[in-house]
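Biologist: Could you walk me through how the labels for this structure are decided? I am new to this, so please set each value beside its rule.

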Amino acid sequence: MKKASILMILGPLFLLGLYFLPLWNIMLGAPQYPEPLGMNIHIDGIRGVSEFDIQNIDGLNHYIGMRTLPKDEEMWEFSAFPLIVGGMIALGVLTGLLGFFRKVSYKWFFGWLLLMSLLGVLGMYDFNAWMVDYGTNLDPNAIMKLTNPDGSPMSYKPPLLGHVKMLNFDVTSMPAAGAWLMFVGMTLILIAGYFGWKASKTEPVLKATEA
Amino acid sequence: MKKIKYSTLALLGLALVFASCNDAGKSSNGALSSSAAEKVYVAPGEQDEYYAFLSGGYSGNLTVYGLPSGRMFKEIPVFSQFPTSGYGYSEETKPMLNTSFGFVPWDDLHHPDISQTNGELDGRWVFVNGNNTPRIARVSLSTFETEEIIEVPNSAGNHSSSFITENTEYVVAGTRFSVPVPQRDMPINEYKGNFKGALSFISVAPEDGRMNLEFQVLMPGFNYDLSHPGRGKSHGWFFFSTYNTEEANSLLEVMASQNDKDFIAAVNWQKIEEYVKNGGGTKMPAEYAHNVYDEESHTGISTMKKEVITVDPTKVPGSIYFLPTPKSPHGCDVNPTGEYIIGSGKLSADITVHSFDKMLAAIEGEKFDGEAYGIPILNFEEVLAGTVKSGGLGPLHTEFDGKGNAYTTFFISSEVVKWNVGTWEVIDRKPTYYSVGHLMIPGGNSRKPFGKYVVAMNKITKDRYLPTGPEMEHSAQIYDISGDKMELLYDFPTHGEPHYAAGCPAELLKPNSKKIYRLDENKHEYATLGPTDARVERQGNEVHIYMSTIRSHFTPDNIEGIKVGDKVYFHITNQEQDFDVPHGFSIIGQNTSEILVMPGQTKTSVWEPKKVGVWPFYCTDFCSALHQEMQGYVRVSPTNSNIELSWSVGE
């Protein structure tokens, strides 16, 4: 259980990466953009991959009537997410410490993981909903009003994950370094839970005292 | 007698042309030419190995090429107005062409030289000279724009110029035509003994490249044709070729070709620099313009300087010696080690090579053959290292491959000759098409040449390309010099008349080339740093329009209240911060050129409306799918009208 608890303490610390590394990355390449434009989505806002990318993406988007990309203060998520992530780190480390001092069982580790996954899915859902709104809720006076072959207005929603071809742009959306670190952290906690579960079987004596 | 001489020359030339034809015939077979094609082929999407900066001669501008492809990338306006970008037409760049003679919108640009550190190319700037109204310009190699132009007083025909010392301490400018110094009203035929040849030493500030004319050496009234710096052990010296040591003032083609030997002047500039630092020299009233373009204010400012320090070389003993050199030498080139000074007697068949070590020994041993105007003439045999018996005629200019070989152009016999530095033996020769002037090996005028290609720049084109009437662009050839024998790879037309060139590896410049100007660093007096800042202001009959551009509209694009007789300044600021998205501006009846405004930049065009009406303006650079919509109107009312000044966009 000691080993499991140490992993449980370490795991959440990987989420600290989210404070300085992007969670998600969307790249937009086109024939006339041999160096693609890109945006990094951080928990506290959207940043350009290169310095002027946001301005240039907005410049292109105005042709099809998309709103400009939200500033940090324009979305509640960008102030809430840092607090939620911080809370989860604190909760995780606390759970690990309590595990280390035999105050809680491995089940709490799985509990943290479940909560984190739930929040993650909610976050993704929210992110996707924003992209749907951003990509379809267009200015009716847009310069270019394009339609699909069936006559419906074309949507410019970037993919949540993977690649789509959007007019002249190849759009690729992938988790970025911050998310990968988070996945590593969550995997550690999964392992922590497993070790905790194994320890609970092979060390029944300890288990008794633990209770 | 003269006639006989010329026909002999012509015959000799003819014979060599025939010889050349035979050579060319032998080497042209299918397999060879296909491998030559591969060597110059830069596949779509790939880039060249070298930058080449070719002077434009009478175009007044500098052209940028890629090697080995021979593709032209840019024409950099320097001494000439350039309607393509508005250089010399926009309010910001007009001061760059200011001189003590007023606005001079043209010059004859000859000799690009890339800045060096420790004798190696450092790729910060390229210096060029204006030959006609003597000027030296500095071109930035991060923006590829002209940043500074300094006029050279007491000079005329600024030809032995814009060559730099090996740490870019000085850019040197020598006069081709000697003139009265100071200028005065005097009979032309009193030239001899009275005219002077000024050699100017212009310092270059290491941090920002700013130039300052430190001193001028007033030499005897010869013609100072070309020059090159000492390097390595000969650092601290500068060598100038001379002709017309006869000091003729008329029919120079005959009168200045009488002396069997003219001179290469060896100038110990470090000695003169010290003399000046210790208070030596004479302050002389002068008038010359110094024009500086600031990258952040995007504006050039011209100031007039009033004084120059001149040095009488006889007052600084040991600072200057003459090296006798046969037959009106043109090229005066120094090999990468700094030991050999190559004089190309342009009316000779041979190349004369002087030794720097022997020169020092001859000075030490006082091996003099008299003097000229108090300057010692060294004994020819004492300084001679060797003679290249070339078999060609009319050597002009030599560069080096860094592997112990030299390559010399021969104008009259129209060929490039490769020879060994040390044994003076000719290794190879290849014809050029036709009458080659100068040649260029990237870094060939430095301690570290990149001896892979040589480019020959020709004076005569004739049948090389599809005919375009009597006037044609000049031809250039590129040769592979990586092997023992030179191989002709490719032939391409150049722009203007390239007299000289400088080249460097692409990697030296590529990473530093700017993509945009930062809007947040724009300090232009009339910048519009955002569309909300756009406005129109009237001061008497001057109207200043602060206009912003972004794909694809002007702000404002409707302006009313302008009157006939107004002087309207369109100050256009390009809001884009994206690579290669310029916007242009032109308006009907504009008496200047359009202006092309780079991202983050501000440029100003003046318009003086002469007719009542509603007049359109538009973007001249195809900036986006809606470029055709990028337009606006100015309403011009009669002079006495009461229409209020107003402006709008999207209303």
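Biologist: Why is B:Tyr490 called partly exposed?

Modeller: Buried means under 20% relative accessible area, exposed over 50%, and partly exposed in between (1.4 Å probe, protein chains only). B:Tyr490 has 37% relative accessibility, so it counts as partly exposed. This is a predicted model: local features need pLDDT of at least 70, side-chain atom pairs count only at pLDDT 80 or more, and totals for chains, interfaces and linings use all residues. Side-chain values use heavy atoms, leaving out hydrogens and water, and residues are numbered from 1 along each chain, with chains lettered from A.

Biologist: And what makes B:Phe492 buried or exposed?

Modeller: B:Phe492 has 3% relative accessibility, so it counts as buried.

Biologist: How many aromatic pairs are there over all chains?

Modeller: The count comes to 43. Rings of Phe, Tyr and Trp (its six-membered ring) pair if their centres lie within 6.5 Å; planes under 30 degrees apart are stacked, over 60 edge-to-face, and the rest tilted.

Biologist: What makes B:Trp237 and B:Phe356 edge-to-face?

Modeller: Their centres are 6.2 Å apart and their planes are at 75 degrees, so the pair is edge-to-face. B:Trp237 and B:Phe356 are 119 residues apart in the chain. B:Trp237 is buried at 9%, and B:Phe356 is buried at 2%.

Key: Helix = DSSP H or I, 4+ residues; strand = E, 2+ residues; numbered from the N terminus.
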